Amino acid sequence: MWTPSGEDEADFIPKVQPINADVLVAQQQARREARAAVEHAARTDLVADYEYRIGASDVINIVVWGHPELSNPLGLTQDIEQQARLVSRNGTIFYPHVGLLPVAGKTVDEIREQLAELLEPYVTDPQVDVRVVEYRSQKVYVTGEVTQPGTLTLTDEPMTLLDAINQAGGFNELADRRRAVLTRDGEQRSIDLQTLYSSGKGDLLLRDRDVVHVPGNQFNRVFVMGEITRQTALPMRENGRMTLAEAISEADGLDLNTADTSNIFVLRGQPVFDDEGKIRGVRPEAYHLDARSGLALVLAEGFELQPRDIVYAASSGVVRFNRVIGHILPTVQTLWQIQRIITD
């Protein structure tokens, strides 16, 4: 049994489970719990309280009805964009009778109310209108495997994670459609895209300087090894799912001349943590399928694989599971560590 240097071997002994109806039920329950843990706010609720707040470099237009000398003090024939005011870097604008007015961080309604109050000594019952002519201050960034990665500007129309990916042209052929990574204030959060696209649940309202990253699918694969007709690495489906039966079928099936059909294993790396929550190493979680019966084919079709799983068909005559683990455990460790390095 291979273990990290200096570690207790007992902590890394594989857990072996037969693939049966209980395992399939547990998989379904885990998916339900994962979906339940996701924020379930509908889009209408998500954006209901959204208000755009003015920032530096935004361009706003202010009109005081019945008083063109305030809206256009020079009396020039200009369009509304030419009459607009640029918010300075310190978040202020200049306005007649008011002077420098702080507007950064305020909504247009708040600016309208403040201006009307400040103009009352000079204008009877001031009727003030404020609107944004050009949005410049707030941006989000979409990177990774989308058709048009780049910068998107936030406006008075709220933008969610789903909106951002769609505005970036959607996924390209190299995208991992299972997840995205949102970076906000230096912290990363993994987003379940499967749930988001299948149910609309789990969407997030984006903020200024958010970074949405869609990783590649090079690590979204399963590996079929052992007594298989074609040993290969298989990309998972576009919906991010693949069953054990599909993986074996796409590898052209078992080599019936050499394979022991009673010993098909799925190996999955699981981290082992210390008391401080740091990863000490990786323990394989193993699932065993006896494919000699017709029921096994049904179970294989229902058993869902995860990215970086290893499907291993033992050779005939292998009766000790420890021999199988000894051959491929280093591969489990390497694949899991590579994925962790890339995703972190």
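Residues are numbered from 1 along each chain as its sequence is written, and side-chain values use heavy atoms, with hydrogens and water left out. Because the model is predicted, local features need pLDDT of at least 70 and side-chain atom pairs count only at pLDDT 80 or more, while totals for chains, interfaces and linings use all residues.

Strand 2 (residues 59-64) is joined to strand 3 by two bridges in the antiparallel sense, and Ile60 stands opposite Arg85 of strand 3.

The structure also holds two aromatic pairs, counted when ring centres of Phe, Tyr or Trp (its six-membered ring) lie within 6.5 Å, with planes under 30 degrees apart called stacked, over 60 edge-to-face and the rest tilted. In one of them, the rings of Tyr52 and Tyr135 have centres 4.9 Å apart and planes at 90°, so this pair is edge-to-face.

Strand 16 (residues 310-315) is mostly covered, since five of its six residues are buried, meaning under 20% relative accessible area, with exposed over 50% and partly exposed in between (1.4 Å probe, protein chains only). Strand 16 pairs with strand 12 (residues 221-226) in the parallel sense over four bridges, and with strand 14 (residues 259-273) in the antiparallel sense over five bridges.

Note on methods. Two strands pair if DSSP finds at least two bridges between them.
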